[in-house]
Amino acid sequence: VEAVIDQKDNRQKTFEALLDQHEGIVFRVLLAYAASPEDREDLAQDIRLELWRAFPGYEPCRSFSTWMFRVALNTAISWSRKASLRKRWSAPWPKAEPFAAAAPDVVAAQALRQLVQDLGEIDRALVLLYLEDRPTAEIAEILGMTPQNTSVRLTRLKQSLRAKAQAQETPSDSPNQRSGGRP
Amino acid sequence: MNSQNPDSSQPISPDTEHTMETPMNLDELKAAWTSLEKKVDGVSDSLAQQETAKRSQRWGWIRLRTLASPVVETLIGFVCALLGGSFLGDHFQAVLKNPVTGFPAILVLLGGILAMNLAGRQIYWLIQVDPAASILEAQKMVAKAALLKVVSTKVAFFYGLAFWIAGPIFLIQLAGGPEVALVVHAGWAVGNVLLGAMAGAALWVWGDRAPWSSALKAAALGPALNEAKAYLKEVKEG
């Protein structure tokens, strides 16, 4: 019995250490899929639970971050599909919502969130992985697509995002203003 | 992945917020995104801090909530099938003598089997969903379960309305015996059943092609699942 308890404790410790180490993945999934702090808290709990539940099936020889992205994104997509939450999601994003982030880049990150919010849930996952600088092969593995298909889809999405970003830009913007006050 | 910043604990100031009107190019946006600090309002505590017991409890509740509807459907279907089957077994000779008296019980039995089948398949696909599977694969499983839910709760309900006659007659038969069914005007009952059969046949033949049917399914499946299905189709074609 003690051996079983020890094994369980070890598993929990390993899980918590890995979760702490890769917490940023969950954080960014939350930013992409949940609009309000309440929604983020709710989704964060669901993601934690699914990660814990799926953890026994994780193979240590494989990348933990890839596995974590899969679980977190699947949970987030299913979460945002729920009808009641979709209603909440359709409400405009709170523009002045405070959240802690790297100060100079927060403006750009907010602007990006505004662009990403219009994408479909799976396109959002694709863009999120691109923003995370994940290699195309890994993105394809997480999504379950071929690398070629992923590249094509990603190119289209980047073009679309670029066009949207340019469309929002006003002629009076100076480079300093554009970068949120950076020199 | 997470670059640390000494100011990262500070929320966005109103001044900073003001400058948000102007987006940057994609590379700048990407750089900004990757430099985000992990702390976010609403998720202040460490993800790993939640107690295991609480996690399991909440997970159990989420699972129960997801599976509650098909489980209830399965139970209702089981009761209907049991009652219909028992009635036919108990009054076998009477039904053989007057086959019309057996129709309500047969319809209730078939309805119960259909409900159990649809709900059982929903449970199967929901249990099959592996959160660690690739996104398209997992969403495909969810799509299958959601599609069955649409069929069992919306499509089957509307087409089942034509067979409503079977339920009350069967209940009266349960109380008064199989011969009670003969009191009901045969033309009326047969008309209802025929209407139901025709509606069912129409659904079978044209259901997938009819625009209203596609719209109904699309609305029930939601954008993510439709998107997943479109992706899967694209991947297969590619």
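Helix α4(A) passes α7(A) in a right-handed crossing, a crossing being right-handed if the near helix is turned clockwise from the far one by less than a right angle and left-handed if anticlockwise. The model is predicted: local features need pLDDT of at least 70 and side-chain atom pairs count only at pLDDT 80 or more, whereas totals for chains, interfaces and linings use all residues. Residues are numbered from 1 along each chain as its sequence is written, chains are lettered from A and ligands numbered from 1 in the order in which they are written, and side-chain values use heavy atoms, with hydrogens and water left out.

**Helix packing in chain A**

- The axes of α4(A) and α7 (residues 121–131) of chain A are 10 Å apart, and the two helices pack at an angle of about 150°; axes are lines fitted to C-alpha atoms over the stretch in contact, and angles run from 0 to 180 degrees between N-to-C directions.
- The helices α4(A) and α7(A) are therefore roughly antiparallel (angles over 145 degrees; under 35 is roughly parallel, 65 to 115 roughly perpendicular and the rest oblique).
- On the α4(A) side, the contact (heavy atoms within 4.5 Å) is made by F69(A), L73(A), I77(A), S80(A) and R81(A).
- From α7(A), the residues in this contact are E121(A), I122(A), A125(A), L128(A) and L129(A).

**Aromatic pairs**

- Over all chains, the structure holds nine aromatic pairs (rings of Phe, Tyr and Trp, the last by its six-membered ring, with centres within 6.5 Å; planes under 30 degrees apart are stacked, over 60 edge-to-face and the rest tilted).
- The pair F55(A) and W67(A) is edge-to-face, because the ring centres are 6.1 Å apart and the planes are at 70°.
- F55(A) lies in the loop between α3 (37–54) and α4 (64–81) of chain A and W67(A) in helix α4, so the pair ties together parts that are twelve residues apart in sequence.
- The rings of Y58(A) and W67(A) form a tilted pair, with centres 5.3 Å apart and planes at 50°.
- F55(A) is buried at 7% relative accessible area and W67(A) at 8% (buried means under 20%, exposed over 50% and partly exposed in between, with a 1.4 Å probe and protein chains only); Y58(A) is also buried.
- Ring pairs link F15(A), W52(A), F55(A), Y58(A), F64(A) and W67(A) into a cluster.

**Chain B**

- Chain B has nine helices and zero strands (DSSP runs numbered from the N terminus: helices are H or I of at least four residues, strands E of at least two).
- Of the 238 residues in chain B, 37% are buried.
- Among contacts in chain B between residues at least 6 apart in sequence, 77% join residues at least 24 apart.
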